[in-house]
Amino acid sequence: MIDHRLHVLRTLAEHGTVTATAAVLHLTPSAVSQQLRLLGRDLGVKLLRPEGRRVRLTPAALTLLRHADVLQAQWEVAQAELAQQSETPRGTLRLCGVSSALAALAAPALARLRSSHPQVEPRIVEEESAECYRLLLADDADVALVLPGPDAPPVTDARFEQAPLLTDRQDLLVPEGHRLARPEGVELAEAAGESWIVKERNNDTYPLVTAACAAAGFTPHIAHEVKEWYAVSALVAEGFGVCLLPRIVPLPAHAVTRVPLRGEPVSVRRYLSVVRRGSAAHPIVAAGLDALRDAASGAAGDGYQHVPRGVRR
């Protein structure tokens, strides 16, 4: 078994403070500090350097982290090989993801999985992408469906296997009868003077909207921030502003018009499936990933681009 104190060190490296690490691991801050002191003592190195109320990882800690990532990946491979000795996959598949991906991809995928692998029990948690990566590292999830943003781990991150799953175009959502409600489509820059309705700032969608507008040459005037697509659409219908609506999200029954965007660059959202490195061959995880790829390939609606099986990041 891998020394559990390495997991404490990896969590500290991810969250930055002893207090945050303790909260994630359901420990006290003193217990976190003590475990890392003991680990350093056993290895004959110092792992933490105090900096005011915070701590900094020493060069020795960074070296140890590189080896810890390799050890963790190898442990995942070992568990996968042991699980492959069972004739039938059985157990719990823990899946987390953003709401749009859960609705359009996870729901049909897990319905198929329930039929093809009745002894696999899915468990689903909705979270923003940043939290999904944390759940994977904490071994509280097996598969994540994320929208990578500017703060997402790079595809070269040794802790994860990240694979493109689906590319989804975005449309401009405007009130019925709006000057931009043209069936032939509009360029995003034509909406530069509009008030914008976005999902709140700590949501995955916010940086995608602002990045799309920046690429079109303007900074959006954000008038309202809400949480749910249904509320966004309702505000658009009443003339409070416009928004970008992913095609994967169904159009609510409001007096709104979905307008296709023309020109370059094309405004898209790219969904990834993410697992801990080394775990993809585990029969339960592999069955879940296969079901998600099948759901992505069968996704209905213009603007979806399925990434073929075997294409990985």
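Guide: Helices (H or I, at least four residues) and strands (E, at least two) are DSSP runs, numbered from the N terminus. The model is predicted, so that local features need pLDDT of at least 70 and side-chain atom pairs count only at pLDDT 80 or more, while totals for chains, interfaces and linings use all residues. Residues are numbered from 1 along each chain as its sequence is written, and side-chain values use heavy atoms, with hydrogens and water left out.

Visitor: Which residue just after α3 takes a positive phi, and of about what value?

Guide: Helix α3 covers residues 29–43. Just after α3 comes G44, whose phi is positive, at about 75°.

Visitor: How far apart are the end C-alpha atoms of helix α3?

Guide: The expected span of a helix is 1.5 Å times one less than its number of residues. Helix α3 has 15 residues and should therefore span 21 Å, which agrees with the separation of its end C-alpha atoms in the model, 21 Å.

Visitor: Against which elements do the buried residues of α3 pack?

Guide: A residue is buried under 20% relative accessible area, exposed over 50%, and partly exposed in between (1.4 Å probe, protein chains only). In α3 the buried residues are A31, V32, Q35, L36, L39 and G40. With contact taken as heavy atoms within 4.5 Å, these buried residues of α3 pack against α1 (4–15), α2 (18–25), β1 (48–51) and α4 (59–83).

Visitor: How many residues apart in sequence are the parts that the pair of Y133 and F160 ties together?

Guide: The rings of Y133 and F160 form an edge-to-face pair, 5.2 Å centre to centre and with 70° between the planes. Because Y133 belongs to helix α6 (residues 129–137) and F160 to strand β6 (residues 160–175), the pair ties together parts of the chain whose separation in sequence is 27 residues.

Visitor: Are Y133 and F160 buried or exposed?

Guide: The two residues of this edge-to-face pair are Y133 and F160. By relative accessible area, both Y133 and F160 are buried.

Visitor: Why is the pair of W196 and F218 tilted, and how many residues apart are W196 and F218?

Guide: The ring centres of W196 and F218 are 6.2 Å apart and their planes stand at 40°, so the pair is tilted. Both W196 and F218 are buried. The pair links distant parts of the chain, with W196 in strand β8 (residues 195–199) and F218 in the loop between α7 (205–215) and β9 (221–226), a separation of 22 residues.

Visitor: Which residues does Y230 touch, not counting residues up to four places away in sequence?

Guide: Y230 belongs to helix α8 (residues 229–237) and is exposed, with a relative accessible area of 57%. When residues up to four places away in sequence are not counted, Y230 touches P252 and H254.

Visitor: What distance separates the C-alpha atoms of Y230 and H7?

Guide: Along the chain, Y230 and H7 are 223 residues apart.

Key. Rings of Phe, Tyr and Trp (its six-membered ring) pair if their centres lie within 6.5 Å; planes under 30 degrees apart count as stacked, over 60 as edge-to-face and the rest as tilted.
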